[in-house]
Amino acid sequence: MSLNLLLPEPGVTALLTSWPDKPCVYEREAGELDRVITPESIDRYLETGCVPADEIAVVSDGTALHPDRHRTAGRTDPAKLRSLYEDGHTIRLGNLQRVVPFLADVSRGIQQETGYSNYLHAFVTPPGRQGLLHHWDQQMAVIVQIAGIKRWQLWRPMFPSPMREYQESFRVWDPGFIPLWEAAGPDLEVDLRPGQSLLLPRGWVHNPHTLDAQARSIPLTFAIRERTPLWIAEKLVGGVIEKDSFRRVILPGDIITGQRLSARVRDVRQALIEHLAGLDVNDFARSLSRTAISEKEYTT
């Protein structure tokens, strides 16, 4: 199982059976992941420019540099990356499942085991520095520390079950958040070390850094996109495209005239109800299960 590369058996069981809503640190045994993805192999990706420029971000103290700072003629420039790292910036190598065949296999395995699409980033942070500041994410993360120590200051979610664009950090951000969190202190603080993995549920505020560290930090962050009832609802509605009546044009006059548009909404709602009432639920569920382990999502 691919999840066993990231977590010990209790962590895998927790993910597959209960989907935890609180952070947890697990001790893991070194395995194939650790033999293939090493600090040296990450260095090679930094030094060769093999990671596409669009998948690289350079961040320091919460501020991301313009992409041209690490590019030459639109391509990844290893010399610029090295210089930026030496100046104290965190280098994020994004979507490595699209770059490293082994990680593509791991990502595919996680999807087959969970039905959830996923992606992974590597972060390289110099000692005594910080890349990203306080924020929260829209999906479960499994953070596998492969080098150095990274401190994770964690606060309970401010908003329940954020997902996609809904309640993203930057969309609902208030400058007063950080002073409040800092004044209260973290609900949990973790110094993540090699051989450990952190299970970080979506919505938990985190402030990761290496401010007190003597060596650089390299974690792999596997982001796992949970399926929710909204996913089923979207698939249910999406199936109506096969019916001609749902593909017909709505005339401009019906859209800009409120009363006529209200009538169209009632008609479509009724047609949707009739469509759903006639659905073979078991057949749809079998199709949905096949979709879950195969469909790809290319947004992060």
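Me: At 17% relative accessibility, does Y116 count as buried or exposed?
Reply: The general idea is a pair of cut-offs: buried means under 20% relative accessible area, exposed over 50%, and partly exposed in between, with a 1.4 Å probe and protein chains only. Y116, at 17%, is therefore buried. Before we go on, note that this is a predicted model, in which local features need pLDDT of at least 70, side-chain atom pairs count only at pLDDT 80 or more, and totals for chains, interfaces and linings use all residues. Residues are numbered from 1 along each chain as its sequence is written, and side-chain values use heavy atoms, with hydrogens and water left out.

Me: How many aromatic pairs does the structure hold?
Reply: A pair of aromatic rings is described by the distance of the centres and the angle of the planes. Rings of Phe, Tyr and Trp (its six-membered ring) pair if their centres lie within 6.5 Å; planes under 30 degrees apart are stacked, over 60 edge-to-face, and the rest tilted. The structure holds eight such pairs. In one of them, W19 and Y116 have ring centres 5.1 Å apart and planes at 90°, so this pair is edge-to-face. W19 lies in the loop between α2 (9-17) and β1 (24-27), and Y116 in the loop between α6 (101-114) and β7 (118-124), so the pair ties together parts that are 97 residues apart in sequence. Here, helices (H or I, at least four residues) and strands (E, at least two) are DSSP runs, numbered from the N terminus.

Me: What kind of aromatic pair do F177 and W181 form?
Reply: That one is tilted, with 5.5 Å centre to centre and 35° between the planes. Both residues lie in helix α7 (residues 177-184), four residues apart, about one turn of the helix. F177 is buried at 10% relative accessible area, and W181 is buried at 7%. They also belong to one aromatic cluster with W136, W155, F159 and W173.

Me: How many salt bridges does a search of the whole structure find?
Reply: A salt bridge is a side-chain nitrogen of Lys or Arg within 4 Å of a carboxyl oxygen of Asp or Glu. The search finds 20. Take R71 and D54, whose side chains meet at 2.6 Å, N to O. R71 lies in strand β4 (residues 71-72) and D54 in the loop between α4 (39-48) and β2 (56-60), so the pair ties together parts that are 17 residues apart in sequence. R71 is buried, at 19%, whereas D54 is exposed, at 64%.
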